[in-house]
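Dear colleague,

Please find below the structure that I am handing over to you.

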Amino acid sequence: MQFAARCLVLLLLLAANGVDVGARAESPSDRDMRMSWWRDARFGMFIHWGLYAVPAGRWNGEDVPGIGEWIMDRANISAADYEKLAPRFDPTEYDPQQWAQVAKDAGMKYVVITSKHHDGFCLFDTAATDWDVVDATPWGKDLLMPLSAACREAGLHFCVYYSIMDWHHPAQVRGGEYHNPTRIRDGQKRVYIDYMKQQLGELLDSCDPDVLWFDGEWPDWWTEPDGREVYDFLLKRKPSIIVNNRVAKGRKGMEGFSPDDQPHAGDFGTPEQQIPATGVPGLDWESCMTMNDTWGFKANDDNWKSEATLIRNLIDIASKGGNYLLNVGPTAEGRIPQPSVERLAAIGRWLRANGESIYGTTASPFEPPPWGRATKRAGGDALEVYLHVFDWPADGRLAVPALGGSITSATLLDGGTNVEFEQTASGAATLQLSAEAPDEVASVVKLVIAAGD
Ligand code: JFZ
């Protein structure tokens, strides 16, 4: 109940975004520079991988409801019993080059992988604990360094997820009947923050992540100053790093602007399993979403979203000025499930033809029209507007809201065919399209608008 209630609350909120970076003063243009690659990227891969892939959603012969990486909490497994999973984690089929290639071929520009989820288990080599892949599993090797190398090789930004809540660390204890939310032991918060900093330093040294994607910030003992301290620590160590708002308490802050109008540490908001109704000017955000109903691999979850839904989600998010962080949950053997690979390939095919309408664009110049979505790119003397037509008009006539300038050309992005158009004095236009949609999922018409008109 508490979990469901929290989910509901969190899913409804889009977090406030502190432009203030704590002790450091950062000018708006410095911030724009720091955020630049991330804003242009628009599409990344989330990877939830850990020991939970071994039980894969089943415990003692029973299906455990809920998201797979929460099995320790949902099945109320003791740390001692959960530790018995480690000797069974031997991902002999792990192929980091293939993973990077799958992301690259999907048109993704960055990868965010769990370095440590709520179960506390570390996928990297850490001197801070033996609860890691090197010391506790037959695999015995760091899993993140080879992926960071493969990503860079493929031209992708490598990023890591890190959970603040930890169901295994001795400084934290279960808050009630279940592990979540944890309490901190008396006097142990400093010990735990030092543990975090040691591990974050190890990750920076070994993998040089471009984004630190925190999570598990909701237990009451984790405070805004704690988050600020970790945020400042990271920015000082790596001035170009980008940190999500779950480092601190900003995720709560988007019910309008009050009562909580404090600036929060963190560079972007993190809507989860949802796309906000509209973007927010000046706010960076990224919707993280699953392809089925779990983040960590579950053997029995076949509730896959269609390729059309995933492609339209990417477009919808881009049209509101956000990024799409789309999840895969590899198996304990190290394979990305085939249904995920196929869907990613389909998104990649669409992006190879239409990527110009997504990468480096900004939010739509008008409200979502009935037929689809739009994005734009402001150039020197022209504005480019990309119309993503989901519902192709039966009569071929497409109504385009006023654009504040004269249309100088209209073309189909895939193939470059010219499209006839009429524009009225108000600036609104009607396009005359062909009878058949060139792409059933989303056909893109590129408009060039003369600026200063
Ligand atoms: C969090 C994680 O718990 C989840 O496992 C996954 O990593 C996702 C990307 O991020 O999702 C949440 C966060 C908070 C709650 C539920 C799911 N909550 O407070 O109930």
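**Findings: the domain interface, the cores and one buried threonine**

A salt bridge joins the side chains of Asp316 and Arg373, with 2.7 Å from N to O. Please keep in mind that the model is a predicted one. Across the interface of domain 1 and domain 2, two salt bridges are found, together with 10 residue pairs in polar contact. On the side of domain 1 that touches domain 2, the elements giving two or more residues are α10 (307-319) and α11 (338-354). Of these, α10 gives the most, with seven residues.

The domain assignment places domain 1 at residues 3-357 and domain 2 at residues 372-450. Their contact involves 12 residues from domain 1 and 15 residues from domain 2. Taken over C-alpha atoms, the centres of the two domains are 37 Å apart. Between them, domain 1 and domain 2 bury about 1,300 Å², and 55% of this lies on carbon and sulfur atoms. Three residues, Arg312, Glu356 and Ser357, account for 45% of the area that domain 1 buries against domain 2, which is more than any other three residues supply.

I turn next to the nonpolar cores. The largest has 120 residues, and the residues with the most contacts inside it are Trp49, Ile113, Phe214, Leu234 and Leu344. Helix α8 (residues 189-207) contributes the largest share of this core, namely eight residues. Domain 1 and domain 2 each provide at least three residues to this core. A second, separate core consists of 21 residues, among them Phe366, Leu383, Val389 and Leu403.

Phe214 deserves a separate entry. Not counting residues up to four places away in sequence, Phe214 touches Tyr162, Ile164, Met196, Leu200, Val230, Leu234, Val243, Asn244, Arg246 and Val247.

Finally, please look at Thr182, which is located in strand β7 (residues 182-184). Is Thr182 buried or exposed? Thr182 has a relative accessible area of 6%, and it therefore counts as buried, since the cut-off for that term is under 20%. The side chain of Thr182 makes a polar contact with the side chain of Gln172 at 2.8 Å and another with the side chain of Trp221 at 3.2 Å. Leaving aside neighbours within four places in sequence, the residues in contact with Thr182 are Met165, Asp166, Trp167, Gln172, Val173, Gly175, Pro219 and Trp221.

With kind regards

Definitions and conventions: Residues numbered from 1 in each chain as written. Predicted model: local features only at pLDDT ≥ 70, side-chain atom pairs only at ≥ 80, totals over all residues. Heavy atoms only, no water. Core = buried A, V, L, I, M, F, W, Y, C linked by side-chain atoms within 4.5 Å. Buried < 20%, exposed > 50% of the residue type's maximum accessible area, 1.4 Å probe, protein only. Helix = DSSP H or I, 4+ residues; strand = E, 2+ residues; numbered from the N terminus. Domains from an automatic or database assignment. Contact = heavy atoms within 4.5 Å. Buried area = accessible area lost by both parts, 1.4 Å probe. Salt bridge = Lys/Arg side-chain N within 4 Å of Asp/Glu carboxyl O. Polar contact = N/O pair within 3.5 Å; in protein donor to acceptor, adjacent residues only side chain to side chain.
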